[in-house]
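Subject: Structure for you, with notes

Hello,

Here is the structure I said I would pass on. Please open it alongside these notes.

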Amino acid sequence: MLHLLKFMSFLQRSHKFKATQNVIAMLMALSPVYALSDELDTVQFRAGLNKVHDNNLFRRASNEVSEEITTTTLGAKLDKTYSLQRIVLDLNLVDNKYNVNDYLNFTATNYSAAWNWSLTPEITGSLSSDRTQGLNSFSDIRVTTQRNIRTTTTNQFRVQYSPHNVWMAILGFSQLSLENSETFTAISDFDASGLDYGLMYLFPSGSNVRLMGHNRRGEFTKRPLDAVLAFDNGYDEKEYELELLSQDPGKDRLTAKVGYLEREYDNFSIRNYSSYIANVIYELQITGKLRSNFTLSRTLTPFEASNSTYSLSDNFSGRLFYQAFAKVQVGINASYGERSFEGRGQFSTSDRTDKETSYGAFVRWNPIKNIGFNLSTTKSNRNSTLANFDYDDTLTSVSVDLRI
């Protein structure tokens, strides 16, 4: 709470934020209640403004650098149904401005597009494309003198056949690419495509069980073969997952996924790895005004350096939401995670293990349905076996969003 008070004091003294307040007031004045959008509208327009104070932008163990970041979002969404077909287009322009380190300024163009099609009620499918851009986190990148933007694009085609709405056969193709604006060897640029296949069983209650398999082929698009450091230029990957969705509408919802992932590199088997992965999300309506959300996960991520090939993360997080008044929601959140960096064979592993904790609180006020104000603060800490990767950080933000 002390961080919130200090930040609000800073905002009141900031001429830039006073100008922002004027813009927000103009938006509200120009948006009469009858013109505000509804979730069922074919076309929606969105605008958002977010002011963030970060007291350790570069996630350093010492010599921290504070920064004020202003993010402006403009978006439009089209959601249209034609008979058995549904088309959804969502475009967002996100402008990020840094008050001191302005070399980090960038504008992201994010979009998602989907055609959910049906040939018959039994034969359905989807064709989709998604693109997101964001600044690579300084928690992993120690080079702080340049801006490194990560662009991730996902394309997918899927066919589903369910003759009796009990069993469903699934077949599809997917493509995933990642591109960094600057070199980042640990998570290098790649392009992967694969075959997706599986079966799903649908329960009358709305719950389901799904078994999926994925066979992928990946190429590193900008990284040459390096025999000294065993940096490869391609790989084959297999992933198998069993997912359960169980729900009691209005009370609770459980999504549980357990999987196994293995990757084999083309030239340097020393880099090969495999592990079990999992993700469990449990949502519970405790009372009429109090609900919760808990997540337990294990994730496996490539992290290729001279002494590591991947990182394995175990995380637990929880959130509580309380409807304090008809238009005011408050909440708290906390998380704990452990991340280990693993290498094999000729590599002497770094023995690096990070323990990360965070906790925070937020308040959301919706004076009318389509306008929201948010105030939040989050304090995070990382304790690493390599002291250079320790850090403490506090993020405090205030934002407004509008839909018309």
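The notes below go through pockets, aromatic contacts, strand pairing and backbone angles.

This is a predicted model, in which local features need pLDDT of at least 70 and side-chain atom pairs count only at pLDDT 80 or more, while totals for chains, interfaces and linings use all residues. Residues are numbered from 1 along each chain as its sequence is written, and side-chain values use heavy atoms, with hydrogens and water left out.

Pockets

A pocket here is an open set of points on a 1 Å grid over the protein atoms alone, where a 1.4 Å probe fits, with protein on both sides within 12 Å along at least five of seven lines; lining residues have an atom within 4 Å of a point. Points are joined across faces, edges and corners, and a volume is the space filled by probe spheres set on them. Strands are DSSP runs of E, at least two residues in length, numbered from the N terminus.

The largest pocket has a volume of about 1000 Å³. It is lined by 43 residues, and L176, R216, E237, E239 and L261 are the closest to its centre. At least two lining residues come from each of strand 6 (149-161), strand 7 (167-180), strand 8 (190-202), strand 9 (208-219), strand 10 (234-248), strand 11 (252-265), strand 12 (273-285) and strand 13 (290-305). Strand 13 gives the largest share, six residues. The lining of the largest pocket has 15 nonpolar, 14 polar and 14 charged residues, where Ala, Val, Leu, Ile, Met, Phe, Trp, Tyr, Cys and Pro count as nonpolar, Asp, Glu, Lys and Arg as charged, and the others, Gly among them, as polar.

The second largest pocket holds about 330 Å³ of space. Of its 19 lining residues, D54, R59, I69, Y98 and L395 are the closest to the centre. Strand 1 (43-54), strand 2 (67-82), strand 3 (85-98), strand 17 (371-384) and strand 18 (391-403) each supply at least two residues of this lining. By class, the lining of the second largest pocket has eight nonpolar, nine polar and two charged residues.

Aromatic contacts

There are 14 aromatic pairs in the structure. Rings of Phe, Tyr and Trp (its six-membered ring) pair if their centres lie within 6.5 Å, and planes under 30 degrees apart count as stacked, over 60 as edge-to-face and the rest as tilted.

One of the pairs is W117 with F157, which is stacked at 6.2 Å centre to centre, with 15° between the planes. W117 is in strand 4 (residues 106-118) and F157 in strand 6, so this pair ties together parts that are 40 residues apart in sequence. W117 is buried at 9% relative accessibility, whereas F157 is partly exposed at 33%; buried means under 20% relative accessible area, exposed over 50%, and partly exposed in between (1.4 Å probe, protein chains only).

F303 and F341 form an edge-to-face pair, 5.1 Å centre to centre and 75° between the planes. F303 belongs to strand 13 and F341 to strand 15 (residues 328-342), so the contact links parts 38 residues apart in sequence. F303 is buried at 8%, and F341 is buried at 3%.

W167, Y201 and F203 make up one aromatic cluster. The charged end of R223 is over the ring of F220, 4.1 Å from its centre, and R263 lies over the face of Y235, at 3.7 Å from the ring centre.

Strand pairing and backbone

Two strands pair if DSSP finds at least two bridges between them. Strand 1 and strand 2 run antiparallel and are joined by 12 bridges; V52 has I69 in strand 2 as its bridge partner. Strand 2 and strand 3 are antiparallel over 14 bridges, with T71 partnered by N96 in strand 3. Strand 3 pairs with strand 4 in the antiparallel sense over 11 bridges, and N92 stands opposite N110 in strand 4.

The hairpin of strand 2 and strand 3 has two residues between the strands, and S83 there takes a positive phi near 55°. S83 is exposed, with a relative accessible area of 72%. N165, in the loop between strand 6 and strand 7, has a positive phi near 60° and is exposed at 56%.

Regards

Terms used: Helices (H or I, at least four residues) and strands (E, at least two) are DSSP runs, numbered from the N terminus. A charge sits over a ring if NZ of Lys or CZ of Arg is within 6 Å of the ring centre and within 35 degrees of the ring normal.
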